[in-house]
Amino acid sequence: GERHSETYWSERLKLRLADEYDREIGKCIHVELPDSARAAMITTAYNAGSAAVCKSPMVAKMNAGDVRGGCKALAGWYIRAQGRGLKGLIKRRADDMRLCLSGLNKPAPVVSVPKKSWIFK
């Protein structure tokens with residue numbers, strides 16, 4: 001009989017994603033990932049379970065240094081139930097793959113150094 005606001009549930013979900021799913025996949029992902037790839041792994045863990053993600057071809061490829069290949073592996077992973085591909089899961093994995101890939105080609109931030117301020121006289 002409890003009733004809570006949408007804000008309450010949104011905050012609980014945020015905490016659970018960070019505290020539970022990110023921590024759990026952090027135990028099996030041993031490379032630095034761009035934020036977009038990490039977010040895709042978290043949302044996939046939320047949907048399929050952290051243990052499944054940790055045993056997945058995505059994480060194996062990422063840990064081997066092939067982050068792009070790991071992202072692309074999302075497209076066909078866990079999309080079937082009772083032998084049939086499910087449209088909802090196919091769409092979800094495609095969305096996760098796009099999210100994962102979205103941050104891979106972003107240029108590094110430019111750091112400007114003030115002219116001559118670092119030169120010793």
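The face of helix α6 turned away from its buried side carries the exposed residues K87, G88 and K91. The buried residues of α6 are R93, D96, M97 and C100. They cover an arc of only 100° around the axis, which puts them on the same side of α6. The model is predicted.

**Helix α6**
- Helix α6 runs over residues 87–102, 16 residues in total.
- At 1.5 Å a residue α6 should span 22 Å, and its end C-alpha atoms are 22 Å apart, so the two values agree.
- An α-helix has 3.6 residues a turn, so residues three or four places apart point the same way.
- The buried residues of α6 pack against α2 (35–48), α4 (57–63) and α5 (67–73).

**Disulfide C28–C54**
- C28 is joined to C54, with an S to S distance of 2.1 Å.
- The torsion about the S-S bond of C28 and C54 is about -75°, so this disulfide is left-handed.
- C28 lies in the loop between α1 (6–26) and α2, and C54 lies in helix α3 (residues 50–54), 26 residues apart in the chain.
- C28 counts as buried because its relative accessibility is 12%.
- C54 has 24% relative accessibility, so C54 counts as partly exposed.

**Pairing**
- With the bonded cysteines numbered in sequence order, the pairing is 1-2, 3-4.

Methods: Residues are numbered from 1 along each chain as its sequence is written. This is a predicted model: local features need pLDDT of at least 70, side-chain atom pairs count only at pLDDT 80 or more; totals for chains, interfaces and linings use all residues. Side-chain values use heavy atoms; hydrogens and water are left out. Helices (H or I, at least four residues) and strands (E, at least two) are DSSP runs, numbered from the N terminus. The expected span of a helix is 1.5 Å times one less than its number of residues. Buried means under 20% relative accessible area, exposed over 50%, partly exposed in between (1.4 Å probe, protein chains only). The arc is that of the directions from the helix axis to the C-beta atoms. Contact means heavy atoms within 4.5 Å. A disulfide is a pair of cysteine sulfur atoms within 2.5 Å.
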